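Work through the two exercises below with the sequence and the structure at hand, and try each task before reading its solution.

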Amino acid sequence: MKSIRLRDGKERSLQRRHPWVFEGSIARGSADAGELVRVEAHDGRFLAWGAYSPSSMIRVRAWSFVETERIDAAFFQVRLQRAVRLRSRLAIASDGQRLVHGEADGLPGLIVDRYGDVLSAQFLSAGAERWRETIADALLQITGLQRLYERSDASVRALEGLAERTGWLRGEGPTDVTIQEHGWALGLDVALGHKTGYYLDQRDNRKRFADLVRQFGCQSVLNCYSYTGGFSVAALAGGATEVVSVDSSAPALAQARDNLRRNGFDDSRCGFVDADVNATLRELIAAGRSFDAIVLDPPKFAPTAAHAERAARAYKDINRLALRLLAPGGLLLTFSCSGGVNADLFHKIVAGAGIDAGVNAAILQRLEGARDHPTTIEFPEGEYLKGLALLKQ
Ligand code: SAH
């Protein structure tokens, strides 16, 4: 068993059960990609079992902080079972669920989503990659499902020195799947969709949006960064009569239109705009349009805190434009999924946008990701999705 010896004073974070060891904390020791290592303090005391990743800044990701625990197939079986059992207790109103959320489930680098009877997984760290076959077998055994699609094509794989890989890892068949979210039928494709196929983290906020649209009687809705139209379906379910979905992905918009139709909504008053949101917001303002409700759910503008400043300007810009475009008394749902922008900073950015737009707004609700994307007390970095439901005054 190879050991990784930390520098004096660098043991605190592992002692607090934070699962990452950065390159700069290591005094000596190395191993192969994904290999199991014993991480020890400067004096040789045990701190954690982890997976070594020779080319990543995050050089070790901890599997366990318990010295007597063995990291083997049974270990992964137990961790995966624990993750799946947690979901079964969360009363999730969908058969689209995140079953494994990486570090928050004690499985760094592993993402597993369930879409109906298909699993879609990402192996994003050298350690998760090393145990890929074991994990795949255990997932089928625990869920009783037969099909697992691999979407290891996220850019973070490159930081781990891993090539991209996609395709059926277990089973085979069509990659288009329909899930039932809050009773809405939503089509997605695990091979062609973003990430593992869909944005499950917004599930609760889509339902909340439907409820708010109904409560405030919103008729016209602008869904910015719509992807496959989850918030658009929610708006129509809430009684909206006109929904414009804007996204820069044509396939996503085609799926959005299909999703509206398959739920029986009349799409004759629905627009699908394949364009940049910022430019579209400016055009709509110039055309004198206004909307009763707007959703802003942009992609990650700031992957890390280093990008926060530029991202802040981009967030402020779209929020300022959306607040202007909103009818008086209108509803804005605005989000950031940037790990580098925390909730406090995001609120300040939106406040700044309101001042620039000359608009006052009341905070109806503070929003976060769905609970099958948990944040643990040891790993607050896992928290990434934050949002506000605002009412323009
Ligand atoms: N709200 C969606 C998820 C949005 S993900 C849901 O509930 O499922 C972000 C989306 O923004 C992606 O679909 C991506 O195609 C789109 N996107 C990224 N940059 C864009 C831009 N500049 N203009 C318009 N859409 C953009």
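Contact here means heavy atoms within 4.5 Å, and axes are lines fitted to C-alpha atoms, for helices over the stretch in contact, with angles from 0 to 180 degrees between N-to-C directions. Helices (H or I, at least four residues) and strands (E, at least two) are DSSP runs numbered from the N terminus. The model is predicted, with local features needing pLDDT of at least 70, side-chain atom pairs counting only at pLDDT 80 or more, and totals for chains, interfaces and linings using all residues. Residues are numbered from 1 along each chain as its sequence is written, and side-chain values use heavy atoms, with hydrogens and water left out.

**Exercise 1.** Find the order of the seven strands in the open sheet, and explain which strands stand at the edges.

Solution. Counting two strands as paired if DSSP finds at least two bridges between them, the order reads β16-β15-β14-β17-β18-β20-β19, with mixed pairing. Next, β16 (271-274) and β19 (361-368) each have a single partner strand, so one side of each lacks a neighbour in the sheet. Neighbouring strands are turned against each other by 15° on average, direction ignored. Within the sheet, β17 (residues 291-296) and β18 (residues 326-336) pair in the parallel sense over five bridges, and Ile-294 has Leu-332 in β18 as its bridge partner.
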